[in-house]
Amino acid sequence: MLYKGNGITKEDVDENGDTPCVRYGEIYSSYNQSFQECCSKINIGTVKSPRYFKKNDILFACTGELIDEIGKSIVYLGDGNCLAGWDIIVMRHSQEPRFINYLMNCAYVQAQKSHDKYKLKVVHISAGSIGDIKVYIPSLTEQRRIADYLDFKCSAIDKAIEKHKKIIEKLEEYKRSAIIKAVNGDLSGQVKESGIAWMPVVPLHWDVIPMRFAMLPRKNKNNGLIEKNLVTLMYGKIKRKDIETNGG
């Protein structure tokens, strides 16, 4: 069974709300493959005709800007019913939920979800399109074996990614520090006041000048009556000068 959620706006979300919920954008930004707790809550009284999902249901984001991510899915493995927001398609099924979710995010299924959508600025997928996707379905025993393997493998990969993210962040910080030290010069010797608040001192032998004095003037002539080159642009007023005589 496939059905759509109902309207939950960002303004409706309340950290002290009484009912857990998922909005479609959170499928892209806040969840990975599976989840047991919702990151948002809402007060049930603010939702007309609420649509719920429950344990083992698959949630699809049916609207997005990136074609290769349209229809991204997550699987709910928690207890209790939660609200599905607008532009979420809920799939209720009789298969191994973890396997179905891995399957619905794999390359050959994603190619079917993205088919014929390359000319659209905002990409949308319908419940009918998801229902028409052709897949290979092994036995439940095989599904569980595959899901167990992927849970183990993906968990190890996610940990490695997180570790390397921290390393990359430290390297980026070191790179920024190296650039700042190099372009600011060696400040361990004699220095002078720069007159610049965010860089109060500079090496003694350095000049401090406005950036425009380091630029070269343009000497290209405009062709015909098409004016492309401006000699001076300052204080919101355009000053045109004769480049041959430098006159006004």
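A salt bridge is taken here as a side-chain nitrogen of Lys or Arg within 4 Å of a carboxyl oxygen of Asp or Glu, and helices and strands are DSSP runs numbered from the N terminus. The structure described is a predicted model, and by this rule the count of salt bridges comes to 10.

One of these salt bridges joins Glu172 and Lys175, whose closest N and O atoms are 3.5 Å apart. Both residues belong to helix 5, where they are separated by 3 residues, or about one turn of the helix. An α-helix has 3.6 residues a turn, so residues three or four places apart point the same way. Glu172 counts as partly exposed because its relative accessibility is 34%, and Lys175, with a relative accessible area of 45%, is likewise partly exposed.

Asp87 lies in the loop between strand 9 and strand 10, whereas Lys4 lies in strand 1 (residues 2–4), the two being 83 residues apart. Asp87 is counted as buried because its relative accessibility is 11%, while Lys4, at 26%, counts as partly exposed.

The side chains of Glu96 and Arg98 also meet in a salt bridge, with an N to O distance of 2.8 Å. Glu96 is buried, its relative accessible area being 9%, and Arg98 is buried with a relative accessible area of 18%.

Helix 2 (residues 97–104) is mostly covered, with 8 of its 8 residues buried.

Elsewhere in the model, 4 strands form an open sheet of mixed pairing, in the order 4-2-9-5. Strand 4 (40–42) and strand 5 (52–53) stand at the edges and have a single partner strand each, so one side of each is left without a neighbour in the sheet. Strand 2 (residues 19–22) and strand 9 (residues 82–84) are paired in the parallel sense over 2 bridges, and Val22 stands opposite Ala84 of strand 9.

Technical notes. Residues numbered from 1 in each chain as written. Predicted model: local features only at pLDDT ≥ 70, side-chain atom pairs only at ≥ 80, totals over all residues. Heavy atoms only, no water. Buried < 20%, exposed > 50% of the residue type's maximum accessible area, 1.4 Å probe, protein only. Pairing = 2+ DSSP bridges.
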